[in-house]
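Let's take a friendly walk through a protein model, one piece at a time. Keep the picture beside you as you read.

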Amino acid sequence: MRKNQPMTMENVLNEKHSQLMTRRTLFGGSAAGIGAIALGNLLADDVNAAPANVILSQSSSGGLPGLPHFAPKAKRVIYLFQSGGPSHVDLFDHKDELDQLHGTDLPDSVRGDQRLTGMTSGQKSFPIVKPLFGGKRCGQHGTWIGDLLPHTQSVADDLTIIRSMWTEAINHDPAVTYINTGSQQMGHASMGAWLSYGLGRENDNFPAYMVLLSQGTGKNPGQPLFSRLWGSGYLPSNHQGVMLRPGANPVLYLQNPPGVSRDGRRRLLDALGSLNQMQAEAAGDPETLARIEAYEMAYRMQTSVPDLTDLSDEPESTFELYGEESRRPGTFAANCLLARRMAERGVRFIQLFHRGWDQHISIEGQLPRQCLDTDQASAALVQDLKRLGMLDDTLVIWGGEFGRTVYSQGELGAPTSGRDHHGRCFTTWMAGGGIKHGFDYGRTDEFAYNIVENPVHIRDLNATVLHQMGIDHERFTFKFRGLSQRLTGVEEAKVIEEILA
């Protein structure tokens, strides 16, 4: 160390860092550097997508310069993702004709050349199954909602129900990947990561994107969900979703190990941050900055997360609203309550993944249980946000990756029968955040099998979400491997103007 230099943790680490350049390292690095120059030229487009001065000066909480593109209608999004494919036929898209058509074979002209999954493509017949449970017209505009969702029926006047969603994907993993990232292929950034990257955080004590998982009592276990669904893909990694686990340790490795004080952790992070900042300035590598940000966020979350998950300050009326299950960590109801608390704390994108909607078999037993898991808490979230004056600037979305077939998977009427995947039409509802109240959009045929009015591709849904957050999806890009990547992909996507308030 230099003479008279104080022996601080930072100076000690800086000194050790300078001693790591050995003769062998020097020659090895020089040789590698020649290849790096050539590679750098080849990849110049990717580097120039986010110039070094922008990378180094971009505020981790402030998002990108120039965003939002226009005044947003929503400040935050709560996405209640129902993984597995809820049956639109039984829950939202009632057709009187199906009572008369029950048991008859779905006409070939209706199925057309649509792809079927391997689970029903070998069936000799495709008998139509009428809605298995009743429903009624709800709210001032008389929208039909199934009786398995009585609490959702009660908030019908706050919802826009889109009955004409569609996707090309017919199996779970590509379909869930598609609606969350804009591509059926792995490696792309999720919607929450895009919004974190573009708009940054509202609260420095929480990530912009937080994720909660729950398992329903319908199909148990449900389809697997992988962390790449809330990943950052090619965006800087500090924009990936942070998942909270139920129980005493919501975030793994967040607490200091035995013998390490909070002050000691602070000094270590300061020294480590200084070294990483020097590396970032020398190399212009955004991942180095992401590393700094991850350390700092973890430090702040040591106090903010326990406060978030401590429900002792909630009145008894809150648990009555969300249901008794909201007292049990890890349930969908408890996660809905946490989502409201995150929204109050300025988390920009909150995503709940709820598994168990994949009713291939025993749908008459599984579907009621799955609805019981989610119905009260979903409606309660809308009511609670409205009570707090937050619904107007909070966009709530409820829906899955596709719907279910009108025909039976398995023998008609058998206790083990169910419905297969169906991507050519399904239902999603939205509330708040500049969306119309009490509005139906889109229409399917008498078989609830094909769209006949106002089709909405999942790209259109994502474009609309970005629009409500003040972002033009066509101008919101990230250069990667020579392409201007977008959440809405390279094919046409449009904002659903008709559902906007």
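## A helix inside the structure

How many of the nine residues of helix α10 (residues 191–199) are buried? Nine of the nine are buried, so α10 is largely enclosed by the rest of the structure. Here, buried means under 20% relative accessible area, while exposed means over 50% and partly exposed lies in between (1.4 Å probe, protein chains only). Among the buried residues of α10 are Trp-194, Leu-195 and Tyr-197. After α10 comes Gly-200, which has a positive phi near 75°.

## How to read the model

This is a predicted model, in which local features need pLDDT of at least 70 and side-chain atom pairs count only at pLDDT 80 or more, while totals for chains, interfaces and linings use all residues. Residues are numbered from 1 along each chain as its sequence is written, and side-chain values use heavy atoms, leaving out hydrogens and water.

Helices (H or I, at least four residues) and strands (E, at least two) are DSSP runs, numbered from the N terminus.

## A covered strand and its partners

Strand β1 (residues 76–83) is mostly covered, with eight of its eight residues buried. On one side sit Arg-76, Ile-78, Leu-80 and Gln-82; on the other are Val-77, Tyr-79, Phe-81 and Ser-83.

Two strands pair if DSSP finds at least two bridges between them. β1 pairs with strand β8 (residues 394–399) in the parallel sense over six bridges, and Ile-78 stands opposite Val-396 there. Strand β7 (residues 349–355) also runs parallel to β1, joined by seven bridges. In that pairing, Phe-81 has Phe-353 as its bridge partner.

## Two helices side by side

Two packed helices are described by the angle between their axes and the distance between the axes. Helix α14 (residues 332–344) and helix α15 (residues 363–387) pack at about 15°, with axes 8 Å apart. That makes α14 roughly parallel to α15, a term for angles under 35 degrees. The axes are lines fitted to C-alpha atoms over the stretch in contact, and angles run from 0 to 180 degrees between N-to-C directions.

Contact means heavy atoms within 4.5 Å. From α14, Phe-332, Ala-333, Cys-336 and Arg-340 meet residues of α15 including Asp-373, Ala-377 and Leu-381.

## A histidine in a loop

His-473 lies in the loop between α16 (458–468) and β16 (478–480). At 5% relative accessibility, His-473 counts as buried. Leaving aside neighbours within four places in sequence, His-473 is in contact with Ala-463, Leu-466, Arg-486, Thr-488 and Ala-493.

How values were computed:
Angles under 35 degrees count as roughly parallel, over 145 as roughly antiparallel, 65 to 115 as roughly perpendicular and the rest as oblique.
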